[in-house]
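Here is a short report on a protein structure.

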Amino acid sequence: MRYHIDTIPVWDAMKLNGECPLCALRRKVELMDVDRYLGASVMEPDTRIQVNEKGFCQRHHKMLTEKKNKLGHALMCHTHLKTTMKKAFSAFDTAKDGARKESGAPLMKRMMGKAGGKEDILRAAKQLREMGSTCILCDSIDENMQRYAYTFLHLYQNDSAFRRAFAASRGVCLPDAALLMEMAACEMSGQMLKDLIEDLCNATAASLVKLEGDLEGFTLKFDYRNADKPWGDSRDALERTVTKLRSWCIGEEPNPK
Ligand SMILES: [Zn+2]
Ligand SMILES: [Zn+2]
């Protein structure tokens with residue numbers, strides 16, 4: 001797969017020297033996308049159709065709410081609601097049909113679990129669950145992150161300064177380690193692949209070890225006997241640990257204002 005290469009943002013993210021440069025990129029994309037969806041682009045028919053179909057996840061509804069454009073948010077919700085109602089009504093019909101089938105079946109069949117109605121109910125439940133798990137913003141962010149992961153590996157292969165910077169960095173968070181590994185397995189081979197995987201694993205492992213110590217230091221500060229003990233790097237150890245394990249979601253914004 002070919003992606004458009006845009007190296008400057010990736011280099012910028014690396015220079016932040018945080019727990020994960022890809023998390024910094026993801027956050028940048030996310031903030032831009034949230035603005036975009038409340039702006040003019042959402043009125044484009046193509047985007048509108050996708051919003052109607054997919055809607056937004058809880059996290060992104062929250063972010064949209066914080067933007068204080070209730071009208072824009074409500075307009076998108078309204079058409080998404082209308083699309084979802086159609087699907088939900090069809091799932092309700094399936095569930096009701098199943099329940100009817102189940103209750104009308106002879107006792108023996110029901111006892112043997114062969115009335116067939118429960119399958120319909122479970123199918124309806126699955127449809128409802130799927131309706132609640134799509135998000136156009138998450139999809140858009142994921143697409144952008146594929147492109148950034150590709151660019152990241154392109155830089156690693158073509159820019160020795162980037163290679164050195166990555167080897168000396170704190171690596172990446174675990175979900176983004178997976179992203180880079182998957183992309184590297186598709187796009188790279190031989191010695192370069194070996195170097196990348198080693199740098200990725202070693203830098204990330206060293207960072208995990210450091211975090212473990214920092215986080216322990218943080219917990220020890222809650223003991224009054226350690227009141228005078230210096231904080232060292234422990235002050236934001238909890239936020240940095242969460243970033244490393246789950247990708248950035250709490251603590252200071254990964255990108256400077
Ligand atoms: Zn990350
Ligand atoms: Zn989302």
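## Aromatic pairs

In this predicted model, a search of the whole structure turns up nine aromatic pairs. Rings of Phe, Tyr and Trp (its six-membered ring) pair if their centres lie within 6.5 Å; planes under 30 degrees apart count as stacked, over 60 as edge-to-face and the rest as tilted. F152 and F162 make an edge-to-face pair, with 5.0 Å from centre to centre and 80° between the planes. This pair links distant parts of the chain. F152 is in helix α8, F162 is in helix α9 (residues 160-167), and they are ten residues apart. Helices here are DSSP runs (H or I, at least four residues), numbered from the N terminus.

Buried means under 20% relative accessible area, exposed over 50%, and partly exposed in between (1.4 Å probe, protein chains only).

F218 and W231 pair as well: their ring centres are 6.1 Å apart and their planes meet at 50°, so the pair is tilted. F218 lies in helix α11 (residues 190-220), and W231 in the loop between α11 and α12, so the pair ties together parts that are 13 residues apart in sequence. F218 counts as buried at 17% relative accessibility. W231 is partly exposed at 27%.

## A ring cluster and charges over rings

Which residues do ring pairs link into a cluster? They are W11, F152, Y156, F162 and F166.

Y156 also has a charge over its ring: the charged end of R163 sits 5.9 Å from the ring centre. R147 lies over the face of Y148, 4.9 Å from the ring centre. A charge sits over a ring if NZ of Lys or CZ of Arg is within 6 Å of the ring centre and within 35 degrees of the ring normal.

## The largest pocket

The largest pocket holds about 400 Å³ of space. On a 1 Å grid over the protein atoms alone, a pocket is an open set of points with protein on both sides within 12 Å along at least five of seven lines; a cavity is a set where a 1.4 Å probe fits but cannot get out; lining residues have an atom within 4 Å of a point. Grid points are joined across faces, edges and corners, and a volume is the space filled by probe spheres set on the points.

The lining has 20 residues, and G18, E19, R240, E252 and P254 lie nearest the centre. Helices α2 (21-38) and α12 (237-246) each supply at least two lining residues. By class, nine are nonpolar, four polar and seven charged. Ala, Val, Leu, Ile, Met, Phe, Trp, Tyr, Cys and Pro count as nonpolar, Asp, Glu, Lys and Arg as charged, and the others, Gly among them, as polar.

## The second largest pocket

This pocket has a volume of about 290 Å³. R26, I141, D142, M145 and S247 are the closest to its centre among 15 lining residues. Helix α8 gives the most to the lining, with five residues. Six lining residues are nonpolar, three polar and six charged.

## The cavity

The structure holds one cavity of 30 Å³ or more. Its lining consists of A13, M14, N17, G18, P21, S169, R170 and G171.

## Conventions

Residues are numbered from 1 along each chain as its sequence is written, and chains are lettered from A and ligands numbered from 1 in the order in which they are written. In this predicted model, local features need pLDDT of at least 70, side-chain atom pairs count only at pLDDT 80 or more, and totals for chains, interfaces and linings use all residues, while side-chain values use heavy atoms, leaving out hydrogens and water.
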